[in-house]
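Welcome, and thanks for taking a look at this structure. Please keep the sequence and the 3D view open while you read.

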Amino acid sequence: MDELQLADIIKPENKVYGKSKIMTDTPMHYCYGCSHGVVHKLIAEVIEEMNIQEDTIGIAPVGCSVMMYYYLDIDWLQAPHGRAPAVATGYKRTNPKKYVFTYQGDGDLAAIGTAETMHAVNRGENIVMIFINNAIYGMTGGQMAPTTMIGQSTSTSPHGRDVEVNGYPLKITELIAQLPGSAYVTRQSVHTPATVRKCKKAIRKAFENSAKNIGTSFIEVVSTCNSGWKLDPVESNKWMEENMFPFYPLGDIKDSVHDDVEKYSVQKNKK
Ligand SMILES: Cc1ncc(C[n+]2csc(CCOP(=O)(O)OP(=O)(O)O)c2C)c(N)n1
Ligand code: SF4
Ligand SMILES: [Mg+2]
């Protein structure tokens, strides 16, 4: 039998993995082990597979992913300091056929921009919202965020988050699921091959929902910030599994069309 040559193996039909065409060649600035890059890759793959590169607009945030627009070759708007859902609303309403997604960290979405987040979802905007919850303000030096765990050390809570002083970690995703405007609310992670695959399915579903005009699709990704947590990437994954997942359990929280307007409508009060 002839010996197998490299040219026999490297054929299109044998390809099992390739970099998405939506990803640019710009090297990412993220720390080793950071979840941001993995989620970027999944969004890129979904956009490529759905063939919607020309019809997708991302709203880039503040935080470590502030320069996300360098990494995905689509159209972008920049809306820092929590305003991404408001800017997404304006763009989507004036361009209803486009796929509009926001991408924000927990400091951006659940602290600085809580009001914009809640109201955009409550209005049932037909956008995709991707929420990277790494329980810390990563970019600015690891300060405590609303999502920081009880007892978790950060640069502004060196002895651990104290409930009496700082209150409880905010489960904003559960709050969002309560709002009639949310259609699909799910919590995912990207720390193992299986969770990466599940997260990609969730992102795909959220983008598909966006074309059906059924309300907001919201994906939380429980994520690592090894630099902010002062743990190496492997320790970070373990810390996340042991400490974050019990409080932020993975899985779908809501999967339905938003509640019937008629159900909430009152009788006419003006003749
Ligand atoms: C109104 C306002 N407050 C605070 C800041 C400073 N700031 C910029 S990024 C950031 C933290 C962002 O953290 P997060 O959204 O969780 O993103 P991560 O870096 O963790 O991915 C903060 C506090 C700011 N730019 N504007
Ligand atoms: S500081 Fe944290 S969130 Fe920012 S790139 Fe590093 S690991 Fe990622
Ligand atoms: Mg964060």
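Predicted model: local features only at pLDDT ≥ 70, side-chain atom pairs only at ≥ 80, totals over all residues.

Residues are numbered from 1 along each chain as its sequence is written, while chains are lettered from A and ligands numbered from 1 in the order in which they are written. Helices (H or I, at least four residues) and strands (E, at least two) are DSSP runs, numbered from the N terminus.

**Around the ligands**

- A residue belongs to the surroundings of a ligand if its C-beta atom, placed from the backbone, lies within 6 Å of it.
- Ligand 1 is surrounded by 19 residues, and the closest are Gly 63, Cys 64, Gly 105, Gly 107 and Gly 138.
- Helix α4 (residues 106–112) gives the most to the shell around ligand 1, namely four residues.
- In residue classes, Ala, Val, Leu, Ile, Met, Phe, Trp, Tyr, Cys and Pro count as nonpolar, Asp, Glu, Lys and Arg as charged, and the others, Gly among them, as polar.
- On that basis the shell around ligand 1 holds nine nonpolar, eight polar and two charged residues.
- The surroundings of ligand 2 include Tyr 30, Cys 31, Cys 34, His 36, Cys 64, Asn 134, Gly 138 and Cys 225.
- Helix α9 (residues 226–229) gives the most to the shell around ligand 2, with three residues.
- That shell has six nonpolar residues, six polar ones and no charged ones.

**Strands and their partners**

- A residue is called buried if 20 or more other C-beta atoms lie within 10 Å of its own, exposed if 12 or fewer, and partly exposed in between, with C-beta atoms placed from the backbone.
- Two strands pair if DSSP finds at least two bridges between them.
- Strand β5 (residues 182–189) is mostly covered, as eight of its eight residues are buried.
- Seven bridges link β5 to strand β6 (residues 216–222) in the parallel sense, and Ser 189 has Val 222 in β6 as its bridge partner.
- β5 also runs antiparallel to strand β7 (residues 251–255), joined by four bridges, with Tyr 184 opposite Asp 255 in β7.
- Together, β5, helix α8 (residues 193–210) and β6 form a right-handed β-α-β unit; right-handed here says that, with the strands pointing away from the viewer, the path from the first strand over the helix to the second runs clockwise.
- In β1 (56–60), four of the five residues are buried.
- β1 pairs in the parallel sense with β3 over four bridges and with β2, also in the parallel sense, over four bridges.
- Ile 59 stands opposite Thr 102 in β3, and its bridge partner in β2 is Leu 77.

**The core and a covered helix**

- In soluble globular proteins, nonpolar side chains tend to be buried together.
- A nonpolar core is a set of buried Ala, Val, Leu, Ile, Met, Phe, Trp, Tyr and Cys residues joined through C-beta atoms within 7 Å.
- The largest nonpolar core has 60 residues, of which Val 39, Ile 43, Ile 130, Phe 131, Ile 203, Ile 219 and Val 221 touch the most other members.
- Helix α2 (residues 36–50) gives the most to this core, with seven residues.
- Leaving out residues up to four places away in sequence, Val 39 touches Ile 130, Ile 132, Val 190 and Val 221; residues are in contact if their C-beta atoms, placed from the backbone, lie within 7 Å.
- In helix α3, the buried residues are Ala 84, Pro 85, Val 87, Ala 88, Thr 89 and Lys 92, and what covers them includes β1, β2, β3, α5 and β4.

- His 81 has a positive phi of about 60° although it is not a glycine, and its place is in the loop between β2 and α3.
- His 81 counts as partly exposed because it has 13 C-beta neighbours inside 10 Å.
- Ala 135, another residue other than glycine, has a positive phi near 60° and lies in the loop between β4 and α6.
- Ala 135 is buried because 28 other C-beta atoms lie within 10 Å.

Notes: Contact = placed C-beta atoms within 7 Å.
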